[in-house]
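Hi everyone, thanks for coming. Please have a look at the model on the screen, and then I'll walk you through a few places in it.

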Amino acid sequence: MDEAKRVEEGLAGDAQTQLIKEHGEGDLCKKIDRNDGGDCIDDVPDQPVAKQVEEQPQVKQKSKRVATLDAFRGLTIVLMILVDDAGGAYARIDHSPWNGCTLADFVMPFFLFIVGVAIALALKKIPRIKDAIKKIVIRTLKLLFWGILLQGGYSHAPDDLSYGVDMKHIRWFGILQRIALVYFIVALIETLTTKHRPAVLEPGHLSIFTAYRWQWIGGFVAFVIYMVTTYALYVPDWSFVVHGQDEPERYTVKCGMRGHLGPACNAVGYVDRQVWGVNHLYTQPVWQRLKACTLSSPSSGPFSDDAPTWCQAPFEPEGLLSTISAILSGTIGIHYGHVLIHFKGHSERLKQWVSMGLCLLIVAIILHFTDAIPINKQLYSFSYVCFTAGVAGIVFSAFYVVIDVWGLRTPFLFLEWIGMNAMLVFVMAAQGIFAAFINGWYYKDPDNNLVNWIQKHIFINVWHSERLGTLLYVIFAEIVFWGVVSGILHKLGIYWKL
């Protein structure tokens, strides 16, 4: 049995003792790091391994995988598939056109939250800082590459069988790019401050915060940069070009203001237009579903006759300034990971997690309903960070109670399986690559393919409802299907990790 398998199953105690005898403590830490116990925690309090062996020579040190992490990651992927593919039929679960929060608006912060938790566990032991930084940089570059390939315009999956992108209009930012930058910053701070970590926390409810003060200082710096730029940066008039069936037409948006939080003149969009260029932004922003833009609101529809010019403008929902704010989501996630590492009792962990989640929710609700800082996913406002992180913390805590405390794993196994192969399901299902492959085998007409046939004849026609049929198709032909595939891959030991 290989060492990685032994560590995961909690059988590595004797092997660790032997490694210490043969190679010393440094090589043991290197061995553990190479096995990447990112979702594993030790059942004994953190202290030097040699000391553990010396004090407890007859007790095997167990490394236990936290099933909640995989289940939460799988839940996030499932939510993404659901809102992306069924959101067109059910506008209420699609992204909020501007202020407010819907089911779709939880996906990105949930991703960043669980990335933060995983960073804390993966980097709990860092034998060599240079090696850790190298891994962080390589993983960041991989995420950036896949993000640009999948969402930059090169891939037209699943409906359009062509591929390729005009570099004059490539989209530089997207979901994976945001995750990459947040991961890079949060993981880098965690790595560079490893020497400042305490082996044992001091007494007190706030000791977990002071012990990792540098992580919170990093989050506070991101918060200050975002808030100052959002409210102090002057946004001048700007223009964009719409390429329709006729001649391209240029429109001008009148601004000349600071601190505006509406769609047209906010600093978040201005920064992206200046850094990336207006031609490299997302061309179908959700604000097109606002009442000011279409009579079909909150669903998509044709622009109304008196729609303002900015309704047709591009906007990057995963932009640079809003990504700086998103660092806070990763910072909160890594705090939950630190709690998981340092607090060994279930009640202590849950007290820390639930109390912080409730505090974040209270702050968000106050900021939103006093109109101080509205909850807004497109701007990634501070109230949005607090609200979504608070919900993530409560959901994570609930999963932990049900799955890891009560041991009711069976109903959530499909989420665990998807979470273990999150990147594969994200690419193949959420980004439509597998559906595009199936669509490539059509009969006479590209629309006459197996995917469309199943959706129409097995779901829509049977239920005599396009909305209900679409929802059932997404649930059974996509979510359940990929849950089964992920389970098979798990049994075979096949995982796609960057």
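**A walk through the model**

Let's start inside: the second largest cavity is lined by Asn99, Tyr226, Thr230, Tyr231, Leu261, Ile373, Pro374, Asn376, Leu379, Ser381 and Phe382. Its volume is about 60 Å³. Which helix gives the largest share of that lining? It is helix α10, residues 213-232, with 3 residues. In total, the count comes to 3 cavities of 30 Å³ or more. If you wonder how one finds such spaces, rolling a probe the size of a water molecule over the atoms shows where empty space is left.

Before we go on, a word about confidence. What you see is a predicted model. The mean pLDDT of the protein is 86, and 87% of the residues reach 70 or more. Over residues 1-37, though, the pLDDT is below 50, and this stretch has 47 contacts in the model beyond near neighbours in sequence. Residues 43-61 also have a pLDDT below 50, with 30 contacts beyond near neighbours in sequence. Where pLDDT is low, the predicted coordinates should not be read in detail.

Now to helix α13, which runs over residues 346-369. From the first C-alpha to the last, its 24 residues reach 34 Å, close to the 34 Å expected at 1.5 Å a residue. Several residues of α13 are buried, among them Trp353, Met356, Leu360, Leu361 and Leu367. The buried list also includes Arg349, Gln352 and His368. Just after this helix, Asp371 takes a positive phi of about 60°.

Next stop, Gln151, in helix α7, residues 129-151. Is Gln151 buried or exposed? Gln151 counts as buried because its relative accessibility is 17%, and the cut-off for buried is under 20%. A polar atom of the Gln151 side chain lies 2.8 Å from the backbone nitrogen of Ile175. Leaving aside residues up to four places away in sequence, Gln151 touches Arg171, Gly174, Ile175, Leu176, Gln177 and Gln431.

Last, let's visit Ile458, which sits in helix α18, residues 450-463. Ile458 is partly exposed, because its relative accessible area is 40%, between the limits of 20% and 50%. How far is Ile458 from Tyr473, in sequence and in space? They are 15 residues apart in sequence, and their C-alpha atoms are 8.5 Å apart.

Definitions and conventions: Residues are numbered from 1 along each chain as its sequence is written. This is a predicted model: local features need pLDDT of at least 70, side-chain atom pairs count only at pLDDT 80 or more; totals for chains, interfaces and linings use all residues. Side-chain values use heavy atoms; hydrogens and water are left out. Helices (H or I, at least four residues) and strands (E, at least two) are DSSP runs, numbered from the N terminus. The expected span of a helix is 1.5 Å times one less than its number of residues. Buried means under 20% relative accessible area, exposed over 50%, partly exposed in between (1.4 Å probe, protein chains only). A polar contact is a pair of N or O atoms within 3.5 Å; within protein, one must be able to donate a hydrogen and the other to accept it, and residues adjacent in sequence count only if both atoms are side-chain atoms. Contact means heavy atoms within 4.5 Å. pLDDT is the predictor's confidence in each residue, from 0 to 100. On a 1 Å grid over the protein atoms alone, a cavity is a set of points where a 1.4 Å probe fits but cannot get out, and a pocket is an open set with protein on both sides within 12 Å along at least five of seven lines; lining residues have an atom within 4 Å of a point. Grid points are joined across faces, edges and corners, and a volume is the space filled by probe spheres set on the points.
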